[in-house]
Amino acid sequence: MMSRADGVDVDKVFDATFRDKKTVNGKINWVLPEAIGKVRIGRGVPEEIVKGALKKIIE
């Protein structure tokens, strides 16, 4: 299993999310887990939160 993502650009990953099928009218509909088997749709997640999470995953 890969434990690092060396060379992956956070900004490019963030930009690519806007081409995802969950993006509607330029807004990403995030599927946010709340508990096992329970999720909610979140809209308007701030860019800095998303990029911060991506950095933690990538680094």
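Predicted model: local features only at pLDDT ≥ 70, side-chain atom pairs only at ≥ 80, totals over all residues.
F18 is partly exposed, because its relative accessible area of 36% falls between the 20% and 50% limits.

**Around the F14 ring**
- The count of aromatic pairs comes to one.
- That pair joins F14 and F18: the ring centres are 5.3 Å apart and the planes stand at 80 degrees, so the arrangement is edge-to-face.
- F14 also has a charged neighbour, as K51 lies over the face of its ring at 5.1 Å from the centre.

**The nonpolar core**
- F14 belongs to the largest nonpolar core, whose six residues also include A5, V10, V50, L54 and I58.
- Helices α1 (10–16) and α2 (47–58) are the elements that give two or more residues to this core, and α2 provides the largest share, with three.
- Leaving aside residues up to four places away in sequence, V10 touches K51, L54, K55 and I58.

**The β3–β4 hairpin**
- Strands β3 (residues 30–35) and β4 (residues 38–42) pair in the antiparallel sense through five bridges, with W30 standing opposite G42 of β4.
- Two residues separate the strands of this hairpin, and in the turn G37 has a positive phi of about 80 degrees.

- Confidence is highest in β4, at a mean of 94, and lowest in strand β1 (residues 23–24), at 86.

Technical notes:
Residues numbered from 1 in each chain as written. Heavy atoms only, no water. Pairing = 2+ DSSP bridges. Helix = DSSP H or I, 4+ residues; strand = E, 2+ residues; numbered from the N terminus. Core = buried A, V, L, I, M, F, W, Y, C linked by side-chain atoms within 4.5 Å. Buried < 20%, exposed > 50% of the residue type's maximum accessible area, 1.4 Å probe, protein only. Contact = heavy atoms within 4.5 Å. pLDDT = per-residue confidence, 0-100. Phe/Tyr/Trp six-rings, centres within 6.5 Å; stacked < 30°, edge-to-face > 60°. Lys NZ or Arg CZ within 6 Å of the ring centre and 35° of its normal.
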